[in-house]
Amino acid sequence: MKQIKYFFYILIFLISSSAVFAQNNTISPYSKLGLGDFETMGFGWNTALGGSGIALRTSITLNNLNPAAISALDSTSVIFEVGVHGDYTHLKTMNQSGGKKNANLSYMALGLGITSKWGMSFGLVPYSNVGYTFETLSPISGTIGNYRTKYEGSGGLSKFFFTNAYNVTKDISLGVNFSFLFGPKNDIEYYGLPNTNYYEITQQLSTKYRGFVFDFGYQQTLHLNNNNKLTFGLTINAPGKLQYKSTLFVSQRYSESGSIDTLKYDPGLYRSTVYPVNYGGGLAYNYNTVLTLSADYSLQNWSELVISDDFSDMSNNQTLAVGVEFIPKRLSHRSPITYRSGLNYQSGSFVIDGQHIDRLAFTAGLGFKLRTMRINVYGAYSTRGTTNNQLIQEDLFRVGLNVSFYETWLQRRRYR
Amino acid sequence: MFKESFFGKLIVISLFLVSCSDDDAVYKIGDKFTTVQSKIHFVDTITVSASTVLLDSFPTSGYNKIFVGYNMDEQLGNSYAESYVEFTHKGSLPELDSTVTFDSIVLYLRQSGAYSGDTNIIKTIAIHRVLEEITPRELNNTLNNSDNFLTSAEPYAELSFEQWPRSLEENFCRLPDSLGLNWFQMIVDKDSIIVSDDNFKEYFQGLAIKPITKDISWSATFYGVDELADNKIVDELQIRLYFRRKNEMENEFFAFVPSEKSKIFTHYKIDHTGSILDGIENTTQILSGNTNNLMFVQAGGRVGFRIDVPLINNLNELHPNMSIMSARLIIKPSKGTYEKASKLPTLHAYWIDSNNEITELLTDVTGQFAITSELNADDFYDENTYYSFNVLNYILYKMDRAIYSNESLFFSLSAQDNATTFNRVVLEDQSFSKSLELQLYYVVY
């Protein structure tokens, strides 16, 4: 019976995973740049802690920021975790402002405690999101005056991951993660003239990405005394390989009414680039089971990712994430409620017109147990960009919920 | 315990939440956002040569307008217009016996409101009898501007009248009683000459309406057959035969009306002698350099101008991956040659072949809409008055076939304006600054 149940989960998992990535997960104009808007805050638990988790270990929920963390799962335990979120994004330029809502499944993952030393996890998460609509006015070469370009984008990369971690000693864990990245990024540009009765030009660039990355993780715990524990963690990935194929379709249409004529169609060929080496380090402090503090620093060397001429050059991003988790004591017959909060700062992967597009986020959340489910809810506010230099500032309010279904396998369920 | 239903709800809720977006505003942000180079380019320095052409004769019938007048034009030569109309009787003839008395015969005219010249000056026209059948000189042709017909040396009558802006003024011109009595008697006698339509048209071949006033520039337009104007049906041109029945207090009339629109036409004479167009011949072209760097458009003779883009093939070499998005021809009328910018006439664009014969109308690239001028009229300062034409279709066609085709573009008044006005426009060529420009926008992809 249990096997059937797992089959059921895997089925749901696969069906839903297509839904996870079918929608535009963002409305940010910044998602036009690079590979799109990266999902960097980790799973729901990590997000509530400001996106920190390189040095965190827990047996009750999944942490995808360090492959070594998964060995913390209890032997024979199974955690199926699914997250959803709703966003309200407020966009502001010098002259315009407004908001948009959207909501989506965040991720799905399964964690397995194979033995007391060996943990395994796999799942599907959005890696980057693309979804934007905006306009620019650019000078026409050869005269005074501007032409209008409307940009529309969709797509995003997904990541299938498979993680294994092993406790080499009681306090040292090593993990390795294989990720397969895949997905399209569709960028459409419409060029319009300041007069009437002309051919509007549409340029559609559809880039398909596929690639793989190996990540390695290390975690070591130091038991200071009975109540105080310090853990540090490291992550690094081997240089991966990213393949991409850009299909270019340029067409024209007269006065928005005529038929569409193809000017150029280039199906493109797969080309290859190196996925850069990124590093991360984290430190966590636990006081008994009551308090956890964590801090991470990581560096993403995006400037080494070179795709093509049209591709916006990226710059290296530094992330600083701190989080705190507090579990106050409650009456013995009640399950405790966990309170979490965090802060996340990213220096930004893009420099536009000399302006770093950095991002600051505050997060807060709580977790509780409901029967065999562990429920985490969180809220996050992040602000990015600026209205200076004709850029756009975006304020994102996110509310998220993730549910961990906790079960054991190979064991008969006991009556509680 | 697993709560399947909870999981189900979660899926449902999450799907429900998906993509409920509200604000559809498109945000405008600076072009620095994307690093791409400008993809749209503009050129307006392409050489365009222009020459004035007098086309072959053109149809002036079918417009249902009796156009008459005289136009003095020092620059382009004086024009003269007279109109011819063939008549038939309207409906069946009345039953008249010897107790009915003839009263009079009158030509009834209705002004269309289109006119030129001063309103407060009295103009005079003469009504002549046509002595030949009004029919095209060549088989399968239509009556055209150069056609004219033998008329009586002495007019039947003269009519002096005034014109008012936009008025549908009625005019009555009494014709000789001898003519009226003759027709009256034939009706009484049921003479086959008048009973049969064909016989009548052979007997009475029509009227010619000619201008007498020739010391000012003026024109008048009268309606031909019934027409809607100001949402009313306007009475057509009529020869009214008035008579009175015994013991009746009022006259009755029987009307003779134009036989058909194609038998109402205008004959033009333009005397180019001594004008800048002296020596212009049909279908030859005079380069603008020989006419003070000007081009001309003139009604009545179908004078217009042709443009050529000699280096059009070079456009293909602007860039290997380019496409023309928009092509406009900008032409400025010569300042001081028109009274009011906003009253400049609309110009039409035609394909013209190497023999300077019109082949067809120029359309937009969809082939659906004929290209006419868009006038930018600067009445106030008169600094920025110009005609603009969408010539994208022409440019694309020529870029494909420049070396094989001698076709080009011809600009003139509309066919109707050519046939029923004295409109004229003087335009400047490329030797004037910003007067004649081909403006192209192209994209490089």
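Biologist: Which domains does the domain assignment of chain B give?

Modeller: Domain bounds come from an automatic or database domain assignment. For chain B, that assignment gives domain 1 (2-56 + 276-444) and domain 2 (77-270). This is a predicted model, where local features need pLDDT of at least 70, side-chain atom pairs count only at pLDDT 80 or more, and totals for chains, interfaces and linings use all residues. Residues are numbered from 1 along each chain as its sequence is written, chains are lettered from A in the order in which they are written, and side-chain values use heavy atoms, with hydrogens and water left out.

Biologist: How many residues of domain 1 of chain B are in contact with domain 2 of chain B?

Modeller: Contact means heavy atoms within 4.5 Å. Here 9 residues of domain 1 of chain B are in contact with 11 residues of domain 2 of chain B.

Biologist: What is the area buried between domain 1 and domain 2 of chain B?

Modeller: Buried area is the accessible area (1.4 Å probe) that two parts lose on being put together, summed over both. For these domains of chain B it is about 700 Å², with 52% given by carbon and sulfur atoms. B:Q298, B:G300 and B:F422 supply 68% of the area that domain 1 of chain B buries against domain 2 of chain B, more than any other three residues.

Biologist: Is A:F162 buried, exposed or partly exposed?

Modeller: Buried means under 20% relative accessible area, exposed over 50%, and partly exposed in between (1.4 Å probe, protein chains only). A:F162 counts as partly exposed because its relative accessibility is 33%.
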